[in-house]
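Hello,

Here is the structure I promised to pass on. Please open it first, then read my notes below.

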Amino acid sequence: MNKSIRLEIVNFKNIKLAQSLQEDIFPNEKSPRQLTEGVYTNNPINFIAYFDNKPIGIVGVYFQKNLPEHIMLNWFGVIKSYRGRGFGREILKQTIEFIKSDFTDIKFLTLYTGKIENKIAINLYSSLNFHIEDYCCDEDIAELNKIGIENNFVICILKLKDADIVDLKKINLKIAKQFQELSKYN
């Protein structure tokens, strides 16, 4: 099957559709303010994914000031009726190509996800050569507990350029703190 996916940037005209897709794909993690913020600031940059002119998914990327070499994956998902058919892979591949062509200084695409409930997604990231690590090292547990975050995530990093992933522990804590900041949108 040809999985020709078209990504369209979320803007003022299609934001309601993007919010509807987000609520459908992530029913317990709604964040319409974050989508709206992206329209105004371009951080995050969110996309609606179309197949045969039908909206089937959403994906976004955002910048985090404390990780300047990384771009973070945001709200990546496919509606239930299109899951398990390779559409997520195609959406992610197009997103990677967008990053490589539009953000040539960025070295890594980084994300975090639940390691228990998102095993399928983790397998997808692994198959696309993401480096996958437990979210935080054991010694960071106390730090995470202080900011109220459970250690049930993994961090996934894709090299976009020939570069070494350094200071993974620092990256983990920075992402943990970002996660706490993003939780204000829920």
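β3 and β4 pair in the antiparallel sense, with six bridges between them. This is a predicted model. A hairpin of six residues joins β3 to β4. Within this pair, Ile 58 stands opposite Gly 77 in β4.

On to the other partner of β3. β2 and β3 are also antiparallel, paired over seven bridges. Here Ile 48 stands opposite Ile 58 in β3. These two strands form a hairpin as well, with two residues between them. In that turn, Asp 52 has a positive phi of about 50°.

How much of β3 is buried? Seven of its ten residues are, so the strand is largely enclosed by the rest of the structure.

Seven strands form an open sheet, and the pairing is mixed. The order is β1-β2-β3-β4-β5-β7-β6. β1 (5-9) and β6 (131-134) stand at the edges. Each has a single partner strand, so one side of each is left without a neighbour in the sheet. Neighbouring strands are turned by 30° against each other on average, direction ignored.

What packs on the sheet? Helix α1 (residues 15-25) does, touching β2 (45-51), β3 (54-63) and β4 (70-78). The direction of α1 makes about 95° with that of β3.

One further pair to look at: β5 (residues 108-114) and β7 (residues 153-159) run antiparallel, joined by seven bridges. In this pair, Thr 113 stands opposite Val 154 in β7.

Best wishes

How values were computed:
Residues numbered from 1 in each chain as written. Predicted model: local features only at pLDDT ≥ 70, side-chain atom pairs only at ≥ 80, totals over all residues. Heavy atoms only, no water. Pairing = 2+ DSSP bridges. Helix = DSSP H or I, 4+ residues; strand = E, 2+ residues; numbered from the N terminus. Axes fitted to C-alpha atoms, helices over the stretch in contact; angles between N-to-C directions. Contact = heavy atoms within 4.5 Å. Buried < 20%, exposed > 50% of the residue type's maximum accessible area, 1.4 Å probe, protein only.
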